[in-house]
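Good morning, and thank you for the time to present. Please look at the sequence and the model together as I speak.

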Amino acid sequence: MHTGTVVAALALSLTLEGCADGSAEATSIRDIAQGGSQDGEVRHARGDFRCDGTFTGSFDNVIVPRNGTCTLYDATVRGNVKALRNARLTTRGNRIEGNIEGDEARAFSLSGDRVGGNIDLVETVASDAAREILICGQTLPNGNIQVKKSRTDRIIIGANTVDCPGNDVPKGNIQLEENVVPSGGVLHALGNRTGGNLQVFKNRGGGDKRIQANTVSQDLQCKENDSPFAGTPNSAGDSEDQCAG
């Protein structure tokens, strides 16, 4: 069977396996809103809005404070969303014109957003049961997804579109680098589509690592990752090292 056909056949099942199972806390945006934890709808918050609770509305920038927990749904953010140290961020169905950023935050569950900039998560480290980075169904017309130097039980990057059809110059990379996933955990990149490169370098630990069913316009590069590691099948302009084949 042709590689492209295999990739297409695997994409849906693998992505549902990862993203749906990994985000059970958020069965739908409406469930979150009606579950009794909603803090309010913000007509328009100018400047930096401190998100510690569940909110929708219009914002200039959103900051999740240290140790805070923020759920943002059906919102418009004209700038950036940033999670600070030990913060937890959940997003569902937002339009974010800037970046989603995290530096030493605790956990992320990002689903169904349109992001004008980048998703950049660095040094996510959890000390409790909330040990996960879930990035599923995101659309980034002009940006990149980067997860680096994180130590967590679950990293799932699934069904994202990084670069949109019609761009004159292919854009958009996905980078997973120097993360640590312990035995019993997972690092999966499944069913993504990118106009640039997919790079998976130096990820450590005994957790299951799978890079499968992705469509990569340029280079798919997988190097120096600990086993267990599965790097095929994918569709790419060129596949190298652990993802060759």
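Is the link of cysteine 222 and cysteine 243 right-handed or left-handed? With -75° about the S-S bond, this link is left-handed.

Before I continue, a word on the source. This is a predicted model, in which local features need pLDDT of at least 70 and side-chain atom pairs count only at pLDDT 80 or more, while totals for chains, interfaces and linings use all residues. Residues are numbered from 1 along each chain as its sequence is written, and side-chain values use heavy atoms, with hydrogens and water left out.

Let me begin with the disulfides. A disulfide here is a pair of cysteine sulfur atoms within 2.5 Å, and the structure holds 2 of them. In the link of cysteine 222 and cysteine 243, the S to S distance is 1.9 Å. Cysteine 222 belongs to strand β22 (residues 215–223), and cysteine 243 to the segment after β24 (235–241), so that distant parts of the chain, 21 residues apart, are linked. Strands (E, at least two residues) are DSSP runs, numbered from the N terminus.

The other disulfide joins cysteine 51 to cysteine 70, with 2.0 Å from S to S. Its angle about the S-S bond is 80°, and this link is right-handed. Because cysteine 51 lies in the loop between β1 (38–50) and β2 (53–64) and cysteine 70 in strand β3 (residues 69–73), the pair ties together parts that are 19 residues apart in sequence.

Are these cysteines buried or exposed? Buried means under 20% relative accessible area, exposed over 50%, and partly exposed in between, with a 1.4 Å probe and protein chains only. Cysteine 51 is buried at 0%, and cysteine 70 is buried at 1%. Cysteine 222 is also buried, at 0%, as is cysteine 243, at 1%.

I turn now to the nonpolar core, a set of buried Ala, Val, Leu, Ile, Met, Phe, Trp, Tyr and Cys residues joined through side-chain atoms within 4.5 Å. The largest has 44 residues, and Leu72 and Phe59 are among those with the most contacts inside it. Strand β2 gives the most to this core, with 4 residues. Contact means heavy atoms within 4.5 Å. Leaving aside neighbours within four places in sequence, leucine 72 is in contact with residues including Phe55, Phe59 and Val62.

Finally, consider threonine 152, in the loop between β14 (145–148) and β15 (154–158). Threonine 152 is buried, with a relative accessible area of 2%. A polar atom of its side chain lies 3.0 Å from the backbone nitrogen of glutamate 132.

Conventions
A polar contact is a pair of N or O atoms within 3.5 Å; within protein, one must be able to donate a hydrogen and the other to accept it, and residues adjacent in sequence count only if both atoms are side-chain atoms.
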